[in-house]
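Try each task first, then follow the steps of the solution.

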Amino acid sequence: MFFGREIIMPGAFSKSLKRGDDVIATVDHDSGKILGRRSVGTLKLKSDQRGLNVDIDAPDTTASRDVQESIRRRDVQGMSFEFHTVTDEWRTEGGEPIREVHEADLFQVGPVTNPAYTQTNVEVAQRSLAAWKAAQKPIASVAALRRRLELGAAD
């Protein structure tokens, strides 16, 4: 077991993402509870100076609905990722070993109950067309709008 600090450096996953590695999104690293897959477009990944951004087009499955409700309630608050280190550097600070991961191949991401990296966060964003339509106010038809304008102009 590693007792120290691990830092994933900005851009550590860049080569893996550029290659198009087929990453999967799961609940608590359980491949039986798959939420999305990069190769089919239900998982989108973007790396920037702040970190790794994960966008999952979650399926309508029991596992997906359950974890989304747990995220909404804030019972699940973090993300995790599985990777293979390609290059890293070790140093010691105040007697504590620190590992900096400079390049890594990414395999899996997803919401977890107990994230190893407590700085991660997760949220549910409603993006479906049906949900968007339901949230919209009814729009008057063009004919009804014309009638209202005509009636208003006559006054």
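**Exercise 1.** With which side chain does the side chain of Thr85 make a polar contact?

*Solution.* A word on the ground rules: this is a predicted model, where local features need pLDDT of at least 70 and side-chain atom pairs count only at pLDDT 80 or more, while totals for chains, interfaces and linings use all residues. Residues are numbered from 1 along each chain as its sequence is written, and side-chain values use heavy atoms, with hydrogens and water left out.

- Step 1: the partner is the side chain of Arg99, at 2.5 Å.
- Step 2: check the burial of Thr85: its relative accessible area is 19%, so Thr85 is buried (buried means under 20% relative accessible area, exposed over 50%, partly exposed in between, with a 1.4 Å probe and protein chains only).

**Exercise 2.** Why is the pair of Phe13 and Phe81 edge-to-face?

*Solution.* 

- Step 1: recall that a pair of aromatic rings is described by the distance of the centres and the angle of the planes.
- Step 2: take the cut-offs: rings of Phe, Tyr and Trp (its six-membered ring) pair if their centres lie within 6.5 Å, and planes under 30 degrees apart count as stacked, over 60 as edge-to-face and the rest as tilted. This rule gives 4 aromatic pairs.
- Step 3: the ring centres of Phe13 and Phe81 lie 5.7 Å apart and their planes stand at 80°, so the pair is edge-to-face.
- Step 4: Phe13 is buried at 4% relative accessibility, and Phe81 is buried at 16%.
- Step 5: ring pairs join Phe13, Phe81, Phe83 and Tyr117 in a cluster.

**Exercise 3.** How many residues apart in sequence are Val76 and Val122?

*Solution.* 

- Step 1: look for Val76 in the loop between helix H2 (62-72) and S6.
- Step 2: Val76 and Val122 are 46 residues apart in sequence, yet 7.9 Å apart in space, C-alpha to C-alpha.
- Step 3: with neighbours within four places in sequence left aside, the contacts of Val76 (heavy atoms within 4.5 Å) include Pro111, Thr113 and Val122.
- Step 4: Val76 is buried, at 8% relative accessible area.

Note on methods:
Helices (H or I, at least four residues) and strands (E, at least two) are DSSP runs, numbered from the N terminus. A polar contact is a pair of N or O atoms within 3.5 Å; within protein, one must be able to donate a hydrogen and the other to accept it, and residues adjacent in sequence count only if both atoms are side-chain atoms.
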